[in-house]
Amino acid sequence: MVRTGKEYLQTLKDDRAIYINGERVKDVTTHPAFTGITNTIAGLYDLAWDESQNMTYKTEDGTLANKIYMIPRSREELKERRLAISKWSEATCGFVGRSPDHVASFLAAFASSPEVFDRGGEGYGNNVLNFYKHVRDQDLYVTYVIIPPQIDRSKAAHEQEDKFLPVGVYEEREDGIIVRGSQMLGTASAVSDYLFVSCLTPLRPGDEDYALSFVLPIHAKGLKFYARPGYAEKSPSTFDYPLSSRFDESDSLVVFDDVFIPWQDIFVYKNIDIVRAQFHETPAHVLGNNQAQIRFSTKLKFLIGAARKVSAMNGIDKIPSVQEKLGELASIAASVEGNLLASEYNCIIDKNGVARPNPRFLYGVVGQQETIYASTIKILRELCGGGVLQLPSSYKELINPETKDDMYQYIRSTGVGAEEKIKLFKLVWDIIGSEFGGRHQQYEMFYNGAPFVTKGFSFRNYGYDEPVQMVDKFLGSYSLPTQVEELIKKI
């Protein structure tokens, strides 16, 4: 089934241990730090539930499911999946990075390749399949934590001063394991149903106790979430902070205080090779990044739309230098969208019959994402100038009899009233200047890891055989002058 937003909100009313501002949250659906994002996610579920949106499909088992869980088997199904995910991205303007479709992409990929998990022992592949079908058929929201805490990054997990800083196996029992430690970066985990736990960063020999993949419900006993400051909590109104108030998905340090994990919820156990293989030998990394690039492309469109409106409102859009900046933004957005479509059109059908987006084009954008986003924000800043700084502190200046006349007189543009101008410039400030905006710039910079990691994906997946062959062919088309070759033979 595809659940409604109301049903999603109801599942959040459990005994989950979420802490913010030194207090445990009683109800994430009503707490000011989380109510904006929970209502946004509920809206996404309502969108998918609406049959006119065409966001559902018939599964291999004959059930009806959300297309975010689809295992694409052809170019056409990749397109179907993209169109469905795009509807959610457009609803959030690309500003919710860990919406339910992200980890759903990873789980679909895992389920397409259970044999990878069976290399760790009989039954792990079935665990993957059973969990995938459970969350798919119940339309559940899964987030993940796949990065260890930043304690001493020069050391491997087993070399840390305390054995249980990153999450690891504390005790093995007949019915499962006890895990202890912590993990980051739990984006949106506080408002999801399940948590997938593993390690994306490379593990070394000796790290076997940390070479895990497992799932658990957010309300599991001993599982604790320490959320960063809530930007929505500080927003006086949606008018003043339209993005912060609705799309702040929160990030959390996740602590595992001797949490029990039954064997049926474990995908990988003490196997360094398979922890890496789950991401790169299955289609998980490419399908997960495909969803991410659909979102990123949507976000860039939204940003250049804001830039175009600001330029027109300020009456500078006819200036050649401004048009040059707008053209640069258009080139960036078109390139990202073009690579997304190229990766889909030139997809590769793997041995299990899964349509994988072509990694040459997919990772071409991944390798540039941190510079692309920073460049886009820089141009948007330049086009706005000081206009985003000269705004009323809140919407209340527009309704206070003592201040409203000044607002309507002095904060306007030709043919544009104060309310419309302030509304647009408040939006732009939320993109480039608020805490929410700063978090997103940092987020996009490290979305897929450090720059050397993301560019490494591009290096490994471009496919250098073709360009090298072109050079070799050209080099073979000419040679040294005959007299020089004869002279070399005599030496």
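Trainee: What kind of model is it, and what should I know about the values?

Mentor: The model is predicted, so local features need pLDDT of at least 70, side-chain atom pairs count only at pLDDT 80 or more, and totals for chains, interfaces and linings use all residues. Residues are numbered from 1 along each chain as its sequence is written, and side-chain values use heavy atoms, with hydrogens and water left out.

Trainee: Okay, core first. Which residues touch the most other members of the largest nonpolar core?

Mentor: Phe 34, Leu 107, Leu 195, Leu 216 and Phe 256 do, in a core of 129 residues. By nonpolar core I mean a set of buried Ala, Val, Leu, Ile, Met, Phe, Trp, Tyr and Cys residues joined through side-chain atoms within 4.5 Å. Buried is under 20% relative accessible area, exposed is over 50%, and partly exposed is in between (1.4 Å probe, protein chains only).

Trainee: And where does the largest share of this core come from?

Mentor: From helix α9, residues 284-313, with nine residues. Helices (H or I, at least four residues) and strands (E, at least two) are DSSP runs, numbered from the N terminus.

Trainee: What does Leu 107 touch?

Mentor: Leaving out residues up to four places away in sequence, Leu 107 touches Tyr 69, Phe 131, Tyr 132, Val 135, Val 142 and Phe 267. Contact here means heavy atoms within 4.5 Å. There's also a second, separate core of five residues, including Val 286, Leu 362, Tyr 363 and Val 366.

Trainee: Switching to rings: how many aromatic pairs does the structure hold?

Mentor: It holds 24. Rings of Phe, Tyr and Trp (its six-membered ring) pair if their centres lie within 6.5 Å; planes under 30 degrees apart count as stacked, over 60 as edge-to-face and the rest as tilted. Phe 459 and Tyr 464 make a tilted pair, at 5.7 Å centre to centre with 50° between the planes.

Trainee: Are those two buried or exposed?

Mentor: Phe 459 is exposed, at 54% relative accessible area, while Tyr 464 is partly exposed at 42%.

Trainee: Which residues form one aromatic cluster?

Mentor: Phe 106, Phe 110, Phe 117, Phe 131, Tyr 144, Tyr 194, Phe 196, Phe 267 and Phe 279.

Trainee: What lies over the faces of Tyr 45 and Tyr 345?

Mentor: Arg 3 lies over the face of Tyr 45, 4.7 Å from the ring centre, and Arg 75 does that for Tyr 345 at 3.9 Å. The cut-off is NZ of Lys or CZ of Arg within 6 Å of the ring centre and within 35 degrees of the ring normal.

Trainee: On to the sheets. What's the strand order in the open sheet of four strands?

Mentor: The order is β5-β8-β9-β12, with mixed pairing. Two strands pair if DSSP finds at least two bridges between them. β5 (142-145) and β12 (266-269) are at the edges with a single partner strand each, so one side of each has no neighbour in the sheet.

Trainee: How do β5 and β8 pair?

Mentor: In the parallel sense, over four bridges, and Val 142 has Tyr 194 as its bridge partner in β8. β8 (residues 194-197) and β9 (residues 212-217) run antiparallel, also joined by four bridges. Leu 195 is partnered with Leu 216 in β9, and Val 197 with Phe 214.

Trainee: Which way do the β8 side chains point?

Mentor: Tyr 194 and Phe 196 point one way, Leu 195 and Val 197 the other, and all are buried.

Trainee: Which strands does helix α6 lie across?

Mentor: Helix α6 (residues 124-138) lies across β5, β8, β9 and β12, at about 150° to β12. Axes are lines fitted to C-alpha atoms, for helices over the stretch in contact, and angles run from 0 to 180 degrees between N-to-C directions. Helix α8 (residues 272-280) packs on the sheet too, touching β8, β9 and β12.

Trainee: And the order in the sheet of six strands? What is it?

Mentor: β2-β1-β10-β11-β7-β6, open, with mixed pairing. A hairpin through two residues joins β6 to β7, and Glu 172 stands opposite Ile 177 in β7. In the hairpin of β1 and β2, Asn 21 takes a positive phi near 55°.
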